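Please look over the sequence and the structure before reading on.

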Amino acid sequence: MLQQTRVAQGIPYYLTFVKSFPTVHHLAKAKEEQVLKLWQGLGYYSRARNLHATAKFISEERDGIFPDTYKELIKLKGIGDYTASAIASICFDRPEAVVDGNVYRVLARYYGVELPINSKEGISFFRELAHRVKDVQNIKDYNQGIMEFGALQCTPKNPDCNSCPLHNDCVALATDKVAVLPVKTKKTKIRKRYFNYLVVVDENNSTLLQQRIGPGIWQNLYEFPLLETDKEIELEEVGESLKGIVAVEAPFEVYLYNENQVVHKLSHQHLHTRFWIIHAADKLENGIRISDLHKYPVPVLIADFIKAFKI
DNA sequence: AAGGCGGGGGT
DNA sequence: ACCCCAGCCTT
């Protein structure tokens, strides 16, 4: 749950999850839609789908017994090097060293390692370094300690090296490289996309919702019928494209809900979004009551609209 | 080996 | 704006 996510952001989700799914069997028996709903807003939704799939596997194929070695753990969906090491060491006292973003930073600075942490060579180097310097006498506290040390003391920006208990031996501090370590190559460039959501409203206050299918963002989450274009479009074009997307008989009324585009920012895409309200005179075939929209797992972009939308 | 995949918080 | 977060998966 915490992969690429701050602990503080994940905690409320964790609490809701363990309350809703007290055992792996409860999670295994849940509908994916419920799992995604509880995950809504946390992002990286493949984690939720993988967690669910692995719960099914553990419950149905292993009688609820979790593997207790790195070698077996890493075979599970959604569990990579870090998570397999974390579970094996913290839960089962196995001598595995975790390497997360915090550990990369602490090791890179303390040992003055300038290999990029996102290169093949860097990844294997840091992994071996972490295993060489780990403390197997108390592996769980060591692993959690070095991660916490990175989060609280050896921070990405402006670490307070004066107060650091390791400042006598830190290579980065001695060579004035604290600010440039760890090294990370290339930044992802951001793609602009133009989303036009078609919010159809009929006389029953029902609307249309559809599930996104992969590949791409928000797999298996719900959204309004979408007209994606390669640039901004105007009312006329929406009216023309409308009938190919939603089954609405004329006459209908279309208007723009948000005069200013909502720019929803993902790590790698900026979604320039407009919501178009379409009042249909007839009754929708597969309409969903607007008052029921809150039951569906949706991206934050859609959740924010639903929250603000008053007919 | 590189890129896709969210959303929020800090600077 | 840009960076980072108890990373993993697919191509």
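Does F305 count as buried or exposed, and at what relative accessibility? In this predicted model, F305 counts as buried, because its relative accessibility is 4% and the cut-off for a buried residue is under 20%.

**Aromatic pairs**

A search of the whole structure finds 13 aromatic pairs. Among them is the pair of F125 and F126, whose ring planes stand at 90° with the centres 6.0 Å apart, so that the pair is edge-to-face. Of these residues, F126 is buried, with a relative accessible area of 0%, whereas F125 is partly exposed, with a relative accessible area of 34%. The rings of Y257 and F305 also form a pair, which is edge-to-face because their planes lie at 80°, with the centres 5.0 Å apart. This pair links distant parts of the chain, since Y257 sits in the loop between β6 (252-256) and β7 (262-265), while F305 belongs to helix α12 (residues 300-308), 48 residues apart. Y257 counts as partly exposed, at 30% relative accessibility.

| Pair | Distance between ring centres | Angle between planes |
|---|---|---|
| F125 and F126 | 6.0 Å | 90° |
| Y257 and F305 | 5.0 Å | 80° |

Y257 and F305 are also members of one aromatic cluster, which is formed by F195, Y197, F224, Y257, F275, F305 and F309.

**Annotated region**

According to an unreviewed UniProt entry, the annotation "domain: HhH-GPD" covers residues 1-152. Over residues 1-152 the chain is 64% helix and 0% strand, and the C-alpha atoms at the ends are 20 Å apart.

Definitions and conventions
Residues numbered from 1 in each chain as written. Chains lettered and ligands numbered in written order. Predicted model: local features only at pLDDT ≥ 70, side-chain atom pairs only at ≥ 80, totals over all residues. Heavy atoms only, no water. Phe/Tyr/Trp six-rings, centres within 6.5 Å; stacked < 30°, edge-to-face > 60°. Buried < 20%, exposed > 50% of the residue type's maximum accessible area, 1.4 Å probe, protein only. Helix = DSSP H or I, 4+ residues; strand = E, 2+ residues; numbered from the N terminus. UniProt positions renumbered as here; feature names shortened; annotations may be inferred.
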